[in-house]
Amino acid sequence: MRERNKQIRKEATVTVILYLVYFAWWYLFAYGMGDKNPMEYRFIMGLPEWFFYSCIVGFFVICTLVYFAIKIFFKEVDFD
């Protein structure tokens, strides 16, 4: 029982950390690069640079981080 609770707490902590990393990534690119005059935006594949990095690249980065976090930190837990 104690080992199971420890594992659940570890998985919850990793999940919250990943969410905070993703939010920071999105916020820094969206508001860091997106606060310019829209006439000064640079575009990547037809999308504003800030949107491309915050939403498109950020999605693939967080998916990769989640994949590795699941492989490394998450374990099968029996609830019976």
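Contact here means heavy atoms within 4.5 Å. The model is a predicted one, in which local features need pLDDT of at least 70, side-chain atom pairs count only at pLDDT 80 or more, and totals for chains, interfaces and linings use all residues. Residues are numbered from 1 along each chain as its sequence is written, and side-chain values use heavy atoms, with hydrogens and water left out.

Helices are DSSP runs of H or I, at least four residues long, numbered from the N terminus. Helix H1 takes in residues 2-33, 32 residues in total, and reaches 46 Å from its first C-alpha to its last. That is close to the 46 Å expected at 1.5 Å a residue, where the expected span is 1.5 Å times one less than the number of residues. Gln7, Glu11, Val14, Leu18, Ala30 and Met33 are buried in H1 (under 20% relative accessible area; exposed is over 50% and partly exposed in between, with a 1.4 Å probe and protein chains only). These buried residues of H1 pack against H2.

Setting aside neighbours within four places in sequence, Glu49 touches Met33, Arg42, Phe43 and Ile44. Met33, for its part, is one of the buried residues of H1.

There is one salt bridge in the structure (a side-chain nitrogen of Lys or Arg within 4 Å of a carboxyl oxygen of Asp or Glu). It links the side chains of Arg42 and Glu49, at 2.7 Å from N to O. Side chains of opposite charge can pair when their charged atoms come close.

Key. Helices (H or I, at least four residues) and strands (E, at least two) are DSSP runs, numbered from the N terminus.
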